[in-house]
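Have the viewer open and follow along with me.

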Amino acid sequence: MKRLATLLLGGIMTVPACAAPAITPEEWQSYLDAFVSPEGRVIDTANGNISHSESQGYGLVLAALAEDRSGFERILNFTKTELMIRDDGLAAWRWEPDADPHVTDTNNATDGDMLIAYGLLLASDLWGETTFFTEAAAMVATMGRNLLVSADGLPAILPGTEGFAGNDATAGQPILNPSYWIFETLPRFDSLDPVIDWNAVTETGLELLRRASTTPAGIPGDWVVMAGGAIGPAPDFPAEFGYNGIRIPLYLMRAGLDPAFLEPFRAKASSAGLFKIDLATGNAMEPIDEPGYRLIQAGMECVATGQPVPEELRTLQTTSYYAATLQLLMLDHLRRQRPNCLGLEAQS
Amino acid sequence: MKRFALTLCLIGISLPAMAQAIAPFGVDPMTVSETGPAPSASPQPAPFAAEMPVQTEIGITLPDPILTAQAPPQTSASGAPDETALRYFAQQGDTVRLQREIERLRALYPNWQPPADPLTTDFVPDQSIVRIWDLVTAGDYAGARAAIAEKKAADPGFVPTADLTETIERGEAGTRLRAASDASQFDEVVSIAANAPQLLTCSSVDNLWRLAEAFIKTGAQQRGSDAYSYILTNCTDPGERFATMQKAIDLLDRTALTPLLALEKDGEFSPLRLDLARRAVAAALDEGGAAPATDDVDLLAKAAMADKNAEDLRLLGYFELDRNRPTEARRFFEAANSAVPSAESAQGLGVALVQLNDPAAAEAALAEYRDDNEDIAKVYRDAAAATLAREPRLAVSETILGRIVETTIATRDAGLAQELGWYAYAFNQPQTALEWFQTALGWQADLEPAAYGLMVSANALGDTARVEEIRRTWGGRSVRIAQFGNLTSLTSPSSVVPLPKPRPAHLTQVQTVRVAQQQAPRQVQQAEASSSGGRGGGGGCQTFRPPNSLSPGGALSHAWCLMDLNRPAQAVDHFGRALDSANEATRSDAAYGRALAFIRLGLPDEAAVAAAAAPLSDKRVVELQTAILTLKATSAYNIGEYQLALAMLDARAQYAAERNDLLTLRAWSYYHLRRYAEAERIFEAVAATGYGDAVSGLDAARASLRSAQSQ
């Protein structure tokens with residue numbers, strides 16, 4: 001029953017059949033202790049202790065990577081019973097502990113749905129559970145039909161079913177979030193659904209980064225519009241690269257895409273780590289400074305120069321849900337694919 | 001999640017509702033899945049036919065067909081069965097599950113014999129399985145799934161029983177159903193219920209309620225009704241049955257409720273029937289509300305009278321007022337007030353009494369509460385104004401007058417002050433009247449009736465300088481002030497009736513008109529006196545001639561002459577003398593003239609009586625009826641009887657076309673009855689003819705419409 005991910009551009013993530021998981025049980029337990037409730041709710045501790053479809057999706061992906069079936073079941077139970085209540089089978093994007101009902105806005109967040117589906121696929125691979133596969137396939141089919149949109153003529157990911165279609169201020173083009181291109185998921189989705197060309201969506205994501213590289217900042221804003229062969233910040237959103245966008249280099253590395261795409265992001269970082277960037281000037285606005293974020297910068301540095309990541313970033317720091325999540329994803333990638341960045345011999 | 005949908009129906013959910021089998025609400029378009037035949041026992045219709053969600057899977061490669069109808073294969077059918085679950089159910093006293101587990105194990109192990117006493121303590125249960133069932137029993141499905149995963153990790157051969165899996169899935173489906181319902185994802189609620197019919201039982205009536213709501217909110221009202229009907233037919237808990245009917249009342253319209261109410265047992269819905277009747281009566285008071293059924297009104301009235309429920313009695317009172325039955329309204333308000341004396345009941349009673357033309361009783365009922373709030377204060381001031389303005393003028397007691405004066409001063413009500421002025425004037429106290437009119441003008445400088453009253457009082461006091469001063473300052477704004485004392489000006493009553501303004505009803509302008517007209521003869525007499533008899537020649541009527549000193553024919557000529565001089569009060573008597581004529585034409589002429597005189601005096605009822613004194617030509621009948629009804633409509637309007645004003649206008653419309661001023665009066669009547677849309681339509685039409693007075697009405701109606709819509 002094991003299904004290996006289709007490879008897009010070279011050897012990338014698969015779940016090893018026999019090797020120990022790249023995320024250690026101790027790391028995973030500390031993540032569970034810090035951010036996951038007994039009900040399986042993955043809690044955004046820096047954001048009023050709410051949960052999102054995104055946090056649940058990350059939780060599922062990480063539980064599969066950590067090969068913790070028990071934790072996976074817990075998180076899935078909460079995800080399905082509390083968030084996957086939309087008429088179209090996707091997840092409501094936000095769950096608030098203090099609101100009644102807990103879900104007050106039933107819009108979805110497409111990256112959350114992508115992560116949930118991807119987590120289910122990883123779990124199906126690992127544990128041979130066909131229902132996980134079936135549920136993922138249904139979500140992918142729905143996303144492929146309802147949440148892909150033409151942006152400047154290219155197939156792109158609509159961030160949610162409501163509110164992103166664009167208007168006169170965007171010349172009728174949809175508002176996009178470049179960090180919703182979770183590149184490693186796309187070839188996997190493509191293999192599931194012969195009707196939808198998810199690989200073309202990958203190409204759009206890369207085209208988006210190419211266009212951004214010609215802008216003053218060199219990197220895309222968190223919310224953008226593609227039109228007339230160019231890219232620009234979306235109206236009514238801050239014209240900045242920030243906490244959304246820092247995931248892009250992580251996703252590029254995990255998917256094994258051309259390291260050249262990392263260069264503009266690397267250029268905007270420094271030895272101190274990542275920054276919020278003002279898109280108009282390209283200037284740094286404020287540091288994005290937790291160990292989890294710094295590891296992304298260090299990872300890019302290693303890819304470019306071969307310099308191993310600093311010792312202190314190799315240990316999970318549960319400073320915040322978001323930083324810890326990205327750190328675990330980065331550690332998983334380095335241990336699996338780039339042991340040299342951890343000062344280790346490459347695995348045979 | 002869907003594979004056990006049908007088999008689950010056979011699990012002994014120990015409830016009469018499940019034995020009852022078919023709930024009459026299927027979910028279209030669904031068919032019974034081919035993938036889930038019942039493994040044992042006879043096929044049992046499910047409340048919902050199960051569905052394969054085929055639409056989302058088209059074109060998707062499935063790793064395996066998910067066609068498992070049976071429970072997954074058990075660990076091994078060759079060894080000894082694991083009796084943990086069996087013992088657990090026995091300890092929990094869950095005999096239905098216990099029996100099912102025995103049957104399941106028998107099917108797998110044909111040679112196995114169930115323990116004679118499943119409660120014996122010699123059996124050592126698998127604690128990990130006991131723990132899983134504990135979690136399931138506690139509703140911790142996340143924990144149960146995690147525990148199963150741990151058990152599988154420790155024992156790769158472990159496969160949870162179908163019962164365990166199904167119980168967890170059912171619990172999860174219930175959680176999802178509630179979450180989807182809370183988030184108003186009603187299509188999803190229907191979908192979840194369709195795939196988990198085991199949720200829809202009398203033991204989880206909340207699920208049925210949520211499904212009924214989801215049906216109704218997705219436009220399937222009949223199915224929602226069927227769901228309620230299912231509960232009322234099958235479920236027995238009295239509290240839940242009552243709550244079911246309450247929910248149905250909230251979500252279904254009245255006609256859909258009738259068959260549900262018919263499922264009542266032992267009068268359990270009596271309070272709800274009363275509530276429905278109450279809602280129906282209350283709804284009739286809403287803008288454009290439908291009239292309630294007679295049964296509803298009767299039921300509410302009977303119960304309210306029996307229970308002395310003041311709130312319901314008031315509701316009925318206002319309902320009767322709304323359908324213009326003030327006598328019945330008074331009865332309800334009196335009952336309410338005697339049940340619990342209160343400002344609210346007194347207020348309704350006051351309104352009813354004013355409508356019944358008994359303003360003094362209204363004033364008395366309201367007096368105690370007149371300072372309670374602004375609403376009741378307004379009604380009180382209306383009643384007080386109407387009390388003062390009664391015709392014929394009646395003396396008001398010191399006590400009552402005292403509190404009216406007190407209220408007038410406390411609230412600085414210019415209209416009421418003006419009314420006190422006319423009251424004083426009527427009782428020959430022109431100096432007092434003048435002071436009240438001055439006071440009124442001090443509070444409201446643009447109050448024309450007060451200015452006019454001031455003019456009339458000053459004139460009565462012989463203060464011609466003040467008369468002329470008022471004419472100078474007000475003449476541009478008021479025709480009657482400009483033409484005060486000008487004998488040829490008053491050609492028809494309507495010409496001196498100022499167009500109604502959007503003012504409280506207590507500005508009874510018809511009263512001021514009437515007084516003004518009664519004043520007219522005095523003007524003439526004064527003019528006569530000052531003209532030193534220069535026009536006193538025979539044949540004229542400048543000189544007073546007692547009616548009975550004239551022949552009927554002579555009296556008739558004299559009367560018409562007096563009419564020409566606009567002295568209708570005197571003309572009435574002379575026309576009366578003319579009625580004594582033996583000549584039918586003279587009598588007819590006299591009746592006609594007398595009626596006209598009363599009309600000019602603003603006394604429509606007397607006019608109608610006068611007109612009946614002798615046969616009249618059709619043309620004159622029409623003329624008089626038109627004039628009488630015009631006057632009645634205007635009078636009704638001026639005392640706040642807007643319904644009556646409209647009725648009079650409608651009656652008048654049978655005799656003559658409605659002029660712009662009366663159309664405007666009609667529109668203001670609608671306005672005061674809060675029928676803003678109709679008011680707006682007429683104001684608009686009249687304003688379009690260039691009739692300027694309709695413009696302010698149009699603005700007022702539109703403003704009210706906007707504020708009504710924004711609420």
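Where in chain B is the place of B:Ala613? I found B:Ala613 in the loop between helix 30 (604-611) and helix 31 (618-638) of chain B. Helices here are DSSP runs of H or I with at least four residues, strands are runs of E with at least two, and both are numbered from the N terminus.

Before going on, I noted the ground rules. This is a predicted model, where local features need pLDDT of at least 70, side-chain atom pairs count only at pLDDT 80 or more, and totals for chains, interfaces and linings use all residues. Residues are numbered from 1 along each chain as its sequence is written, chains are lettered from A and ligands numbered from 1 in the order in which they are written, and side-chain values use heavy atoms, with hydrogens and water left out.

**Entry: B:Ala613**

I looked up the cover of B:Ala613 and got 43% relative accessibility, so B:Ala613 counts as partly exposed. (Buried means under 20% relative accessible area, exposed over 50%, and partly exposed in between, with a 1.4 Å probe and protein chains only.) Leaving aside neighbours within four places in sequence, B:Ala613 is in contact (heavy atoms within 4.5 Å) with B:Leu579 and B:Ala591. I also checked B:Ser588: it is 25 residues from B:Ala613 along the chain, and their C-alpha atoms are separated by 7.9 Å.

**Entry: chain B as a whole**

I counted 35 helices and 0 strands in chain B. Of its 711 residues, 50% are buried.

I picked helix 4 (residues 127-137) of chain B and found B:Trp133 and B:Leu135 among its buried residues. Their cover includes helix 2 (84-92) and helix 6 (162-182) of chain B. Just after helix 4 of chain B, B:Gly139 takes a positive phi of about 80 degrees.

**Entry: helix 4 of chain A**

Next I tested a length. Helix 4 (residues 110-127) of chain A has 18 residues, so at 1.5 Å a residue it should span 26 Å, and its end C-alpha atoms are 25 Å apart, which agrees. The expected span is 1.5 Å times one less than the number of residues. I found 17 of the 18 residues buried.

**Entry: a hairpin in chain A**

Strand 8 (residues 274-278) and strand 9 (residues 284-288) of chain A pair in the antiparallel sense over 4 bridges; two strands pair if DSSP finds at least two bridges between them. I saw A:Leu274 opposite A:Ile288. The two strands form a hairpin with 5 residues between them, and A:Gly282 in the turn has a positive phi of about 80 degrees.

**Entry: salt bridges**

How many salt bridges does a search of the whole structure find over all chains? I got 57, taking a salt bridge as a side-chain nitrogen of Lys or Arg within 4 Å of a carboxyl oxygen of Asp or Glu.

One of them joins A:Asp193 and A:Arg145 at 2.8 Å, N to O. This pair links distant parts of the chain, 48 residues apart. Is A:Asp193 buried or exposed? A:Asp193 is buried, because its relative accessible area is 0%, whereas A:Arg145 is partly exposed at 40%.

For contrast I looked at B:Arg210 and B:Asp206, whose closest N and O atoms are 2.8 Å apart. Both lie in helix 8 (residues 205-217) of chain B, 4 residues apart, about one turn of the helix.
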